[in-house]
Structure formats: C-alpha cells, structure tokens
Amino acid sequence: MAIYISYYYLPLVASQSSLSPDDASVLISLVGITNTVGQILSSWLSDFKWTNAQGTIIISSTAACVLTYFLSTGHHYWSLLVLTAVFGFLITSGPTVSYPNIVDLMGVKKLNPALGILI
C-alpha cells in the first residue's frame with residue numbers, strides 16, 4: 001500500500017516545482033513504463049541460482065524507500081524524470097519476485113496454500 005502513496009503525491013510535487021499537469025502525467029506514465037521493464041528484469045534475475053529472491057526484495061524495497069525521500073527534493077523536470085524512472089524500476093520487484101520467494105521458502109508443493117495466505 002505504501003508504494004501507491006508516491007503515485008498520489010507525484011502530481012503535487014510536480015506542481016510545486018512549477019511543472020504543468022501534462023508534465024506530471026508524463027512522470028506517472030514513466031513510472032508505469034519503467035515498472036514494466038523492472039518486472040521483466042527482476043523476473044529474469046530471480047531465475048538464476050546465484051540470486052536470492054528475498055535479498056532482491058529487501059534491496060529494492062530499501063532503495064525505493066530512500067528514493068522516495070529524494071523525490072521530494074527534485075525541483076527540475078529532468079531530475080524528477082530520472083527519479084521517477086528509477087523509482088518505477090525499483091518498486092516492481094517486491095510483487096514480481098514474491099512467487100519465487102515463496103517457492104524458495106516453502107517449496108513448490110506448498111505454493112498454493114501460501115498464496116492463499118498471502119492474498
């Protein structure tokens with residue numbers, strides 16, 4: 001739930017930086033585009049044996065929390081573009097890598113009951 005708070009306040013941050021509503025909508029669209037790229041990349045990375053799904057979730061969630069602070073300090077359009085692109089890329093690995101994480105922790109046979117508890 002906390003991830004979506006940034007979506008709500010992103011147009012407000014853009015308007016405080018004297019950006020137009022069209023520029024704010026570009027920022028939100030950029031989060032969605034980089035979110036899709038992040039889903040593909042984090043899914044691909046979680047398939048390797050040398051990666052740990054839980055570590056990927058922890059690292060990306062921590063980085064996204066730190067980046068949320070820096071979103072409020074962006075006062076120029078290009079800095080907000082870069083920050084929102086990285087933010088969209090980072091926030092996606094939690095939901096995307098949760099299935100491999102459950103399989104790593106519980107096993108494939110307990111995936112269905114674990115998803116029932118998770119959802």
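User: Is Tyr69 buried or exposed, and at what relative accessible area?

Analyst: This is a predicted model in which local features need pLDDT of at least 70 and side-chain atom pairs count only at pLDDT 80 or more, while totals for chains, interfaces and linings use all residues. Residues are numbered from 1 along each chain as its sequence is written, and side-chain values use heavy atoms, with hydrogens and water left out. Buried means under 20% relative accessible area, exposed over 50%, and partly exposed in between (1.4 Å probe, protein chains only). Tyr69 is therefore exposed, with a relative accessible area of 53%.

User: How are the planes of Trp44 and Phe48 arranged?

Analyst: Rings of Phe, Tyr and Trp (its six-membered ring) pair if their centres lie within 6.5 Å; planes under 30 degrees apart count as stacked, over 60 as edge-to-face and the rest as tilted. By this rule there are five aromatic pairs. For Trp44 and Phe48, the centres are 5.0 Å apart and the planes 80 degrees, making the pair edge-to-face.

User: Why is the pair of Tyr69 and Phe70 edge-to-face?

Analyst: Phe70 is partly exposed, at 39% relative accessibility. Its ring centre and that of Tyr69 are 5.3 Å apart, and the pair is edge-to-face because the planes are at 70 degrees.
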